[in-house]
Structures are given as C-alpha cells and as structure tokens.
Amino acid sequence: MDNTTITTSPPVANTTDLLTTAALTDINITATTVSINNIETFQDSDEDVKLFDLKRKLHSEGCKSNHMTDTKYLETNGLLLEFHSKAKKRRGRKPKMVHPKSCDSEGLKEEIEQCLEKKKTKSCKRKLHSHQIPLSPQKDLGNKCFPVGSVIWGKLSGFKPWPGLVINHEDIQKKSSPLTVWVLWFGDYKISELPLSKVTRFDQYFYLNYKNPSKVFSVAVTEALEVCAQRSGLKQDELSSEHLFNWAKHRFMEMVEDKDPFLPLKGDPYPQFVKRKLQPIFKTAENIEEEPVRVSSPPNPLFENNDLINKLKTNLVKIQEICIGCKSSDRIIVAQHPLFEGGLCEQCKENILETIFALDVDNTHAFCSICSQSGQLCICSVPECNRVYCINCVQSWVGCDAWDLILSQNPWSCFLCRTPNKRRACGYLQAKPNWSLNIMHMFNSHQKLAEPNLSYLTKCPERPPIRVLSLFDGIGTGKVALDQLGLTIKEYFSSEVDADALIVKRFTYGQSIKEIGDITELTEVKLSELCPLDLVIGGSPCNDLSLVNPARKGFSEEGTGILFFEFCRILSIVQRLCKDRHVFWLYENVAAMKTSYKNIISRFLGCKPALWDAKFFSAQHRPRYFWGNLPTIYSSQPTTEDDSLYLDKILSPNCNRKARVKQLRTVTTRSNSLRQGKNENILPVEMDGEEDAIWITELEKIFGFPTHYTDVRNLNHSRRQRLLGRAWSVPVIKFLLSPLTKLFHTAT
C-alpha cells in the first residue's frame, strides 16, 4: 500500500456485464425492460407495467407452444434473453438468445416492439442524465469531465469512497496536475487532489458506496444529498434526513426542475454553507459573516524561491529566522517549531497549537506536522508515530524529487522516526532531538497563580478530611485518584447520568459516593446543602468541541459543548457559598480544539490552560487541557523513566504476551482506537506468535484503575471500553491533586 492517501481503486464492471451475470445466476429476476444504451434506471412507468404484462403473456404462449417450464426473459438491446430454472444446475449451459420475431405470437411481438419504441422516444424527467455517465471509470479519462461544483464520490487509500465537491484549484491557491481534480470532502471540509480514476458521479454508485455508515459518514452523505436536493428544486421543508435518503433510495427520481442535480448551477458552483465554511480560502465567498477558519499564508515553495535558497546556502539567513510553516522570511518570528529546526510566525504558531494533537478517524494525524495544513499527505508507517506531511512541505524543505522517493518506499519512516545518520539526508528539514518535550514547552502558558489564604487549614490542630464535588464524574476517576493518594474523604458528591458508569461506582464504592443527579438540575438551594466544599472537579463532554469531529456543534444549544457553562455556573455558586474557605478546582477537556473554543473557556474560567499528556505517566498518549488553581497544574512535566510507561510491562504475565508498540495511541470510545499503525492495521499485542487485541483488564491498568474495575453487570468489551475512553488518566489526576496531601487529612 502506498504511503499517500491516494491509491488505485479496483475496476468496476460495466452495466452490460452486471445484467448478463444477473440473468445467468438469479432465476427470480424480474423480466422488466432495461435499456443498456441509455443506462436508464429501473422505474415503474406505464410503459414498464405494460411491457411486463405483454412479456408475461408471451411467456404463457411460449409455455403452451414449446412446453417450457419456468422460462424467463430479459430484454437487452431488442433481444429476449431466455433461460430456464435448470440453468443453475447445469453448469456451462449458455442462455438461448431468441429474437422477438422468432416467437410464435406475432401480435404480442408487435406490441412489445411498439412499447419498446415508445419508451425510447418518450422523455421522462426522472431519467438520471445518464448520457454523461461513462460505463467504466477506468476508461476514456480524457472524456471524463467533472465541472467545478460537481457532487462526486472520491476514493482515498485506506478509506471507503467518500462524498465530495469538485473545487477550482485557483480558488484554494493550489496547482493542478493533468487528469486530476481537487476535492472538498463533505463532513470534515478537508481538501485533497485526486486522479480522475478515483472519482465517480455521486448518483452512479450510491448504493455500492453507502454501506455500514458511521455517524461521521452519514453526516457527510446527508450534506451531499442536501446540495443535490436544492439543485433539483425540492422544497426546503422537505429536506429532512429521512426524505433525502428516501429520495436516494428511489434513485433520485423526484426532481422539480429538469436539470442534473449533481452538476453545479451556472455562475454559482459552490453551495452557501461551503462558502461559509471556507470563507478565508475561497475567493468566490464574499460578504458572508462566519467565525474565522484556520488558514495559513499561500504556499511559497522554496524550490521556486531562488533568493531564499541562495540566502540559506550562503548562510545570509538562518533557518531559525524563516517561518517554515508558511515558508516566508518576511514574517515576524514569534516562536521556534517544536519538531524541526525553523521558526514560526504568529499565525503558524496558532495553527500548530490547534492541530498538533488532532487525530483523524483512522487514528493518524489529521494535519501536516510542519505547516498544519491538509491536502495530499504521506503517512509515517511507524505505529507509534503516524504523523503526516503534505507534498508542498516535503518538496520545499527536502527536495523536488523527495515526494516520489517517499512513494516508492513501503514502509516509510518519517523525518522524526529516522536514525540520526539518515536524518542528514532530509535537506533543510532537520528534526530536533527533544521534540517531544518541546511540544509540552510550547503549550506552557506561563500562568502564575495567586497565593491563596489557607490559614483556616494551617491553624487547625488536625488536618480536616476533604469534601469533594465531582461534575461529569464518569466512573469516579477523581475518587480513585484521591484514594490512591491516601486522602481521607468526608463527602464525595457525584453528578453523572450514564447508567453503566453509575453501576460501576455503586458496585465498587456503595454509599461512599453520593449521587446528586443531572448537573443541569443542580440549583443554588441544592448546592447550599452540599457546602462547604474543598474541591470541585469536572470535565464536560468534548465531542462537540473536538477539532477532528466534522459534525461538532461547538457551544450551540443543540450539542453537548454548552454543558461547559454548567460547570462555570456551579463553580461560581460554590465559591460564593464558601467565602470563608479556599475552593480548589480543576476542569479538563480535549487538547485538539479550535483556538476560539479554548479562548472562550479561558475567558470564563479566568485562566489559561495547561497541557498534560498521559504518556509521561502511563503507556498511553492522551494529551488534555487542564484549567484550575492547583499548584501543580502549571508545573513542568515529569521526565523520570518508569516501567509503567511501556506497554510491555503492563501486559498480563504468564501468558506469553508481548507488546508490538511501546505506547498506545489515544484510546477513545471507538473500538478501532485500540488498533495501531497506518490504516489501523496493527493489533498492539502478540500472544503465542500471533497478533492479539489488548485485554480490557490491561487497558484498565493503563488508565490507572484496579483490575476488573469495570467488570460489572456483564458489561461487554465495547461498553467497558467506552467507559474508559471517556475517563481521565488516573496517574495524571493523581499528580495534579498531590499538593492536597499537605493540606488535608491522609490515612498515613
């Protein structure tokens, strides 16, 4: 498999072959007329019904005159394809071709021919404009044209066919190659360059491509159907998801206007929501108000900028003085790139902070590791890495022929995973030795906390037990961390609504955790009954805030992101009710979020986030943002080596299990997140010489929970993984809460 996101899709049989195969293998096929020349859809028109009745009569006549049983006819280009029910049993028997004129019933023969002629000449608005559909997508590429704005299916390596919109390369400031098109993908709005052999019309293979749809895939297909429905003239109030898929189910027959809904409108190729999503990129999107979208400067390849190359060669300018993200020496350098030698301007720094932890649906990185842009990408084959690099950066910083060289290597180790000797052949792209720590330092907000008044605690003859309120408590990660620290908990109030999470906590802790119900129903009166409180912790759902979720709703009322403001509301009430004491608090959310979302959270909480990655505490990559007033939250990451950091030391003993990777990638609620490597094709464990999935008990140990912690009520593997995928990493929370052991009573 190639390292890029473009591969050659398998050839598709033409329609004639498919119909002939159906005739030979399925004796129950309905003998309705299908015109192969015009590739008309199966439709219940008056001519079809009449033709079927005539052929049924003809079949009866044939049975009477020729004493045949179970004879079927399929009309193909004026010929009647006759076959028997015994054709399946007799291998090698070819169907008998019978022309209508050879039939005994002359009257029926003439009626059939008249009906066929009428069907050919009659215009039907439900016809799928199939004169524009080539029989085979692998042939006649020169004649295959997709105008800008066409709705299509596109195929990328390692992915199922995905709906997209053909866009003009000039609108996105890209170069165009022969026999290729630039495609904007519905759902996530990323951009790729595809060869024409990987592109087909949206209506041509709809039911071949729409199989086993995931939630993200369904959103993308729905958006494509909405565009087609609007172009066909359907009413806006009819554009529900159910109506759209019924429309597709009936082969897009319902159209108000007699025009192709899969081709663009004249003078307006882009739908309005596409213009809003990509306003900073599309030149054609003007005067549309929408939130700003991440975009860097126009690409400026070094191999075209001879002056910059000469300055680098003659040491008139250093690579650290150039922004390697937008490839410009005119921008003010505000930071150094965390992974490679080179500078970053303000905009490119924000892009790096926003996308460096963004993982795609296949658990590979979603954006280029150098410039944070999407497009035509090559993927590192090292399972622990899976970083991607765009063609523009590779050709600019490594060399013009570097891209072709990468495509010829399988597997391919990226510029960060190579040995020091091989890094010398990477042109101007030189990896930094401590790039992993550089990422953490880049996220250092340099926040300084005000010294709290803790005299009420220090003057006590004995340190008091702690009183805790945990919002969005999940499976009680805070309780587990506090117990492992040895803190004495007087009250632990939990707000959680998930039934599986509730039964897990009830089984383990019984009445020591007091459930207080839905967070949205916590009033000031009810909170006053819980006070005083010493610690408030929580992390609202991150799905609608995550950058890699194309269907994210942000802080809108339709999504779960708005629950963040419930945390703010309750924290504010608790701080007001506990004026005589210092309330420690901690809030967590995903690291791969839009900068605008992060700024909103920081503004409401009154502080900047700190980035903490579980890979420094356990055998899993799990970067997360934390806001709070704990002394450790803005400290440095620990750098000590420990056996618990490696998967091989976590696996169950005495079972001959060996780790195939050093650490797991971020574990989410998706079952495929437990797979590693490019295209999720590697299981992380080997047992008795064969690859094996990680056991759920081992996954619990990686998260820091006791073995069999989630093994209650016969929960299956996937449900237990979903509980863990939404949980915090216990070692991280334990470290952040560790200063509390000096202020509150402990068991020791």
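Helices H17 and H18 are roughly parallel to each other, a label given to angles under 35 degrees, with over 145 counted as roughly antiparallel, 65 to 115 as roughly perpendicular and the rest as oblique. H17 covers residues 564–577 and H18 residues 595–605, and the two pack at an angle of about 10 degrees with their axes 11 Å apart. Axes are lines fitted to C-alpha atoms, for helices over the stretch in contact, and angles run from 0 to 180 degrees between N-to-C directions. Helices (H or I, at least four residues) and strands (E, at least two) are DSSP runs, numbered from the N terminus. On the H17 side the contact (heavy atoms within 4.5 Å) is made by Phe 564, Phe 565, Phe 567 and Cys 568, and on the H18 side by Ile 600, Ile 601, Phe 604 and Leu 605. This contact has 8 nonpolar, no polar and no charged residues; Ala, Val, Leu, Ile, Met, Phe, Trp, Tyr, Cys and Pro count as nonpolar, Asp, Glu, Lys and Arg as charged, and the others, Gly among them, as polar.

The model is predicted, with pLDDT of at least 70 needed for local features and 80 or more for side-chain atom pairs, whereas totals for chains, interfaces and linings use all residues. Residues are numbered from 1 along each chain as its sequence is written, and side-chain values use heavy atoms, with hydrogens and water left out.

From H14, Thr 477, Val 480, Ala 481, Leu 482, Gln 484 and Leu 485 meet Val 730, Ile 733, Lys 734 and Leu 737 of H21. By class, 7 nonpolar, 2 polar and 1 charged residues make up this contact. Helix H14 also holds both Asp 483 and Lys 479, 4 residues apart, about one turn of the helix. Their side chains meet in a salt bridge at 2.8 Å, N to O, the term requiring a side-chain nitrogen of Lys or Arg within 4 Å of a carboxyl oxygen of Asp or Glu. The structure holds 16 salt bridges.

An open sheet of 3 strands has the order E20-E21-E22 with antiparallel pairing, where two strands pair if DSSP finds at least two bridges between them. Strands E20 (657–659) and E22 (690–692) stand at the edges with a single partner strand each, so one side of each is left without a neighbour in the sheet. Neighbouring strands of this sheet are turned by 35 degrees against each other on average, direction ignored. E20 is joined by 3 bridges to E21 (residues 685–687), and Arg 657 stands opposite Met 687 in E21.
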